[in-house]
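Dear colleague,

Please find below the structure that I was asked to pass on to you.

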Amino acid sequence: MIRRIFPLISASCIILLSCIHAVQAEDEDKLEFSGFARVIMGYLDDKNAEYVEYDNSVSFDHQSLLGLQADYQFNQDFSVTGQVVGHTATQRASGLEWLYLTYKPNNSLQIKLGKQRVPFFNYSDSLDVGFAYPWLTLPQQFYDTAFFSTFEGVLANYEFSLDDWVISYEGYWGYFDDEFYSGSRTIDTKVTGLFGLSTTLVYKHLSLRASYNQGDVQLELPEATQLAELLDQFGFSNNANWLNPDGPLQFYQLSANYEDLDYFVRSEAVKIVGKSGLIPDVNSYYITAGYNFYPYTAYISYSTRDVEFRHIPNEIPYGVSDQLDVLAATYDFVLSQFLDEKTNGSKIGIRWDWRSNVALKAEVTLVRADSKVSNDSALQDLGNFDGRAVLYQLGIDWVF
């Protein structure tokens, strides 16, 4: 029932936005259009790897994008927002990113209903708006952690001041039903019972954020499901349960930022706990320090990501029968496809605010893998990768 309601709301928003054009002449001051764009060139110095889809050839078509947004204010309390984004990347689908109604009865409370960003991270709302952050590419070892970025549901935010503190509480509830890219394949995914709570504290130049998120994940992996059913029939229930791709997922996030006119330090850390064997535990964080000397900003950053699948031993005996030998070998092969992984990235970059709405950026990122690469994240081993590569990037971000 709930999953029927939100598409209905989204469809209603589309109808409302289409009607806006008809009443535009009467209400031009209520309708606002805005946009953002990125053009990014990159080159990876290693022919045996890919990172954020870049290889050892100069390319513009992996992170460049164009986004358009329309906001219509019905009255003081209600508005509707729609956003579409066109990507050049092959691992992201272009189309509708946001479509939601906003109810804002006062300056403290805001409620959104429809398709919107999942507020996992500090920069969840501005993932595609490069002008909003100093990096050319967000720290991938951290921001590549969540395998989906939008949901359909309701989100409420309440903010108030107390002496020198600004405090906000946020909560959301909804679901995700779409596909996501993992390595070279797409996986149909459903996340139901998705909810999260967060609080943000701001005191002068310091801001702190903590959040908890949870959902029940269902991954469409027919090969794993069929093998799990076969193992269960033979009585190897522990191995069968490990291959079950469905289960709850918990997501914890902490961040601490300090900013003044000259310097800034930004940091975030996340911990993901997956109950299914095919959903790994992930620990990742980044820390960035920067110096502003307008119109320039220089920064240095470090991020790391530790993926652990919690493999369990093969309980299928070898040497009993040919059939069990095949079954045991198949299970071992499947386990070998879900590798633990430790990667990190160190980057240095500079941003030049050429105009009030245009920024030019240059960035160099050293990517390192401390173990075998799983090929399920931004870093891909094309064969004989020695665990070290450098990505060179130039780009332009603008808003309009």
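**Strand pairing**

A hairpin of 4 residues connects strand β3 to strand β4. Please bear in mind that the model is a predicted one. Strand β3 covers residues 65-73, and strand β4 covers residues 78-87. The two run antiparallel and are joined by 9 bridges. Within this pairing, alanine 70 lies opposite glycine 82 of β4.

Strand β3 also pairs with strand β1 (residues 31-44). Here, too, the strands are antiparallel, with 8 bridges between them. Alanine 37 has leucine 66 in β3 as its bridge partner.

**A charged patch on the surface**

Which residues gather in a patch of negative charge on the surface? They are Asp178, Glu179, Asp188, Glu220 and Asp246. Of these, aspartate 188 belongs to strand β9, which spans residues 185-203. Aspartate 188 is classed as partly exposed because its relative accessibility is 45%, a value between the limits of 20% and 50%.

Threonine 343 and glutamine 140 are 203 residues apart along the chain, and 10.0 Å separates their C-alpha atoms.

Yours sincerely

Conventions:
Residues are numbered from 1 along each chain as its sequence is written. This is a predicted model: local features need pLDDT of at least 70, side-chain atom pairs count only at pLDDT 80 or more; totals for chains, interfaces and linings use all residues. Side-chain values use heavy atoms; hydrogens and water are left out. Patches are made of residues with over 30% relative accessible area and no salt bridge: like charges are joined within 9 Å, nonpolar side chains (Val, Leu, Ile, Met, Phe, Trp, Tyr) within 5 Å. Accessible areas come from the Shrake-Rupley method with a 1.4 Å probe; for residues, only the protein chains shown count as cover. A salt bridge is a side-chain nitrogen of Lys or Arg within 4 Å of a carboxyl oxygen of Asp or Glu. Lys and Arg count as positive and Asp and Glu as negative; His and the chain ends are not counted. The place of a charge is taken as NZ of Lys, CZ of Arg, CG of Asp or CD of Glu. Buried means under 20% relative accessible area, exposed over 50%, partly exposed in between (1.4 Å probe, protein chains only). Two strands pair if DSSP finds at least two bridges between them.
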